[in-house]
Amino acid sequence: MQSFHVGLPCLKLSLSPSTQKHHGKAAKTCSVGDAWKEMNDEREGRDKTIDHELTKDNVWLCGNTDMDLEQVVQSEIDMINAERAEFGKRKMRVDAVSAIELIQKPPMEVMTTLSREEQTQLLKDSDEVVESILRDWAPEWKTLATVIHYDEFGGRSGHPHKIFMPIARDDDGCHVLNAKRDFNLQFFTFMNREYPARMREKGYPVLDCQIYEDMNEQKREAHSEKKKDYGLEGYEYKLKKLAEQEAKIEANERIIEDQILILSGQETKIIENEDIIAGQDDIVNHQGQMIIQNNNIIASQDDELEKMRRDAEKEIDKWMEEAGKKELSAVRDLKTGLVDLGISEGDYDRLKVFKNALEHPVRAKNGKTYVEVPDPEKTLGLFKGVVNKITAVFDKVRELTGRFTEKRERMRVSIKDKLRENTEKVKARDESREPIRKKLEVIR
């Protein structure tokens with residue numbers, strides 16, 4: 001709960017208010033009967049803002065709506081006058097202040113944040129505080145009636161009304177109604193100091209009241225201006241506040257009208273911007289269609305390049321297959337030539353002995369190296385035949401290698417030409433994509 005001030009306005013009441021003026025001013029005393037009619041459930045009076053359908057929600061803390069308050073006050077006065085007669089004193093004046101109405105007014109902005117139960121509890125605690133202060137100030141002051149009104153301001157802000165009699169004793173110990181002596185600036189100072197402090201003790205963040213004795217000159221001048229509201233009846237005070245609220249409402253309405261004009265101008269700009277955006281959307285949609293078409297073209301070109309790649313692979317596979325068939329017989333001849341060297345088992349033994357001799361040459365004293373050849377005529381002839389066949393095989397290998405190299409070079413040139421052709425096509429495709437890329441950059 002936020003911190004708040006509580007107003008504690010009071011109104012002097014009399015059974016027979018004086019109609020005489022004092023220093024040119026009318027007495028600010030209200031009739032007990034009029035105050036009671038407006039306070040009880042009849043709710044009669046000049047205040048037209050009271051919602052009588054909500055009067056049933058009012059809560060009585062002391063007394064009740066059916067009591068005859070004027071008669072109660074008169075009975076108290078009769079008893080006081082009888083006592084005064086015993087003391088040999090004259091009766092009290094008929095226009096004497098015989099009662100006081102006190103209203104406890106927490107701010108509406110605080111009360112509207114509370115539930116009805118929370119409001120009632122706050123107001124009951126507030127009334128207990130007020131009662132304790134009244135007892136401490138004047139022990140014989142007597143409360144006659146207290147009610148919480150929930151039928152004003154649409155039931156949003158309850159506030160208690162209390163009527164009490166300022167009964168006191170004079171210097172002789174005789175009872176008397178002496179509002180002039182006890183209901184004064186000192187009373188308000190005491191009430192304004194004690195009420196916030198005691199409410200804070202109950203856990204409510206009530207702010208301190210402004211007290212005249214503590215004010216500087218500037219604040220006292222402001223306080224004097226506010227004194228115009230003091231002594232006003234509740235109806236008159238409410239009318240004054242309603243007029244102030246209406247003035248504030250009119251000022252706020254003018255501000256709202258100005259804001260509406262500003263918003264209207266902004267709405268016009270928003271509509272214009274929406275039209276511009278709609279035009280841009282059309283352009284973007286058109287460009288999007290172009291992008292889709294170009295993407296379809298690109299996809300078609302990609303399909304063509306993929307087909308060219310597959311065709312090139314098929315041609316290479318076909319050439320390799322044909323080359324294999326053509327060279328198969330030559331390869332077979334090489335294998336046969338290498339296997340069939342015309343060597344018999346005996347020839348093999350001679351060659352093996354000759355191989356061992358080659359692996360173990362004999363170095364002569366003259367520095368030369370010699371190999372012992374077994375049966376030189378047959379062995380050398382056999383060796384010559386083997387060497388000739390091997391030489392023939394290698395010659396055939398060279399021939400095949402040359403032919404394969406030539407064909408491979410032709411194939412390399414053919415593939416290179418196809419790659420160059422494909423590269424030109426890709427380059428041409430990229431050049432066709434360049435305007436699309438630039439449009440995409442513009443869109444971004």
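R43 sits in the loop that runs between α1 (32–39) and β5 (59–62). Helices here are DSSP runs of H or I with at least four residues, strands are runs of E with at least two, and both are numbered from the N terminus. A word on the source: this is a predicted model, where local features need pLDDT of at least 70, side-chain atom pairs count only at pLDDT 80 or more, and totals for chains, interfaces and linings use all residues. Residues are numbered from 1 along each chain as its sequence is written, and side-chain values use heavy atoms, with hydrogens and water left out.

Back to R43. Its phi is positive, about 55°, and R43 is not a glycine. Most residues other than glycine have a negative phi. Is R43 buried or exposed? Buried, at 4% relative accessible area. Buried means under 20%, exposed over 50%, partly exposed in between, with a 1.4 Å probe and protein chains only.

Next, F153. Its phi is also positive, about 55°. F153 lies in the loop between β7 (142–149) and β8 (159–165). F153 is partly exposed, at 32%.

Now the cores. A nonpolar core is a set of buried Ala, Val, Leu, Ile, Met, Phe, Trp, Tyr and Cys residues joined through side-chain atoms within 4.5 Å. The largest has 29 residues, and L102, L134, W141, F183, M191, Y195 and V206 touch the most other members. Which element gives the largest share? That is α4, with 6 residues. Apart from this core lies another, of 22 residues, including C30, V32, A35 and I167.
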